[in-house]
Amino acid sequence: MEIAVTSNHLMVEAQVRQRVDHYLAEALGTAYTSSTATARSRRWSFLIAYQDVALLQPCIVGNVYAQQQDIGLNNDVASIIPLTAEQIREIRETAAWEVARRHGELARTEDGYISRHQARRLARRWLDQHLSMKFSATGGQRLPSKPPVWQFLIEFNLQDVRLEQLGVIDVNAQTGAVTPLPDEQLDHLREQVRATIQLCPSTAAI
């Protein structure tokens, strides 16, 4: 009986995967395919793999989800949850970053600027080094300053504590250099977090 259940699961997974791969080819291109799958309550999650001639092995660049269905008139085994425009952008940027990273380079856009994804990673690494891993850079807007910069919001996440829009951090869009935050601002960020954590006894101190 267990073998039959396992066999049926694999058969359904193969059908759902085929549907997902078809969607990914249309939405992103044939370089993107499904990878590891997990299912829970008839909801499937597939990692998205990207393969490029510059890569020795595929890299994982995101997720796509599908809701399993009973086969109906259209003979569809699953309904794909469409990727948003922002998710598609993030997936493409992640793929470009992986290619650049494996060549020891910074990922850049077609116009030669540091990519948003690359700049955000540089900002997050700076925050990690000067504050903690609980601080993060989110969003991303390129400002036409001189030099142009990518500007990100600073957030903090720790268990039940989430603080948003604590400030901004800039990354030079030409060189990838992070604009350091003043010591006073770093101290202020730490104090904001400590004050909030004191109100949440269940949360460990940073």
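Student: Which residue meets Arg120 in a salt bridge, and in which helix does that partner lie?
Tutor: Happy to start there, with a reminder that this is a predicted model, in which local features need pLDDT of at least 70, side-chain atom pairs count only at pLDDT 80 or more, and totals for chains, interfaces and linings use all residues. Residues are numbered from 1 along each chain as its sequence is written, and side-chain values use heavy atoms, leaving out hydrogens and water. A salt bridge here is a side-chain nitrogen of Lys or Arg within 4 Å of a carboxyl oxygen of Asp or Glu, and the side chains of Arg120 and Glu90 meet in one at 2.7 Å, N to O. The pair links distant parts of the chain, 30 residues apart, with Arg120 in helix H3 and the partner, Glu90, in helix H2.

Student: Are Arg120 and Glu90 buried or exposed?
Tutor: Buried means under 20% relative accessible area, exposed over 50%, and partly exposed in between, using a 1.4 Å probe and protein chains only. By that rule, Arg120 and Glu90 are both buried.

Student: How many salt bridges does a search of the whole structure find?
Tutor: Another of the pairs is Arg101 with Glu98, whose side chains meet at 2.8 Å, N to O. Because they are 3 residues apart in helix H2, about one helical turn separates them. The search of the whole structure gives a total of 11.

Student: In which helix do Arg17 and Glu13 both lie?
Tutor: Their side chains form a salt bridge at 2.9 Å, N to O. Arg17 is partly exposed because its relative accessibility is 22%, while Glu13 is buried because its value is 17%. The two are 4 residues apart, about one turn of the helix, and that helix is H1 (residues 2–27).

Student: What distance does helix H2 reach from its first C-alpha to its last?
Tutor: Helices (H or I, at least four residues) and strands (E, at least two) are DSSP runs, numbered from the N terminus. The expected span is 1.5 Å times one less than the number of residues. Helix H2 covers residues 85–101, which is 17 residues, and its reach is close to the expected 24 Å, namely 24 Å.

Student: What do the buried residues of H2 pack against?
Tutor: Among the buried residues of H2 are Ile91, Thr94 and Trp97. Thr94 counts as buried because its relative accessibility is 9%. Taking contact as heavy atoms within 4.5 Å, and leaving aside neighbours within four places in sequence, Thr94 touches Ile60, Val61 and His117. The buried residues of H2 as a group pack against strand E1 (32–40), strand E2 (43–50), strand E3 (59–68) and H3.

Student: Over which residues does pLDDT stay under 50?
Tutor: pLDDT is the predictor's confidence in each residue, from 0 to 100, and the protein averages 88. Where pLDDT is low, the predicted coordinates should not be read in detail. The stretch under 50, with 0 contacts beyond four places in sequence, is residues 1–5.
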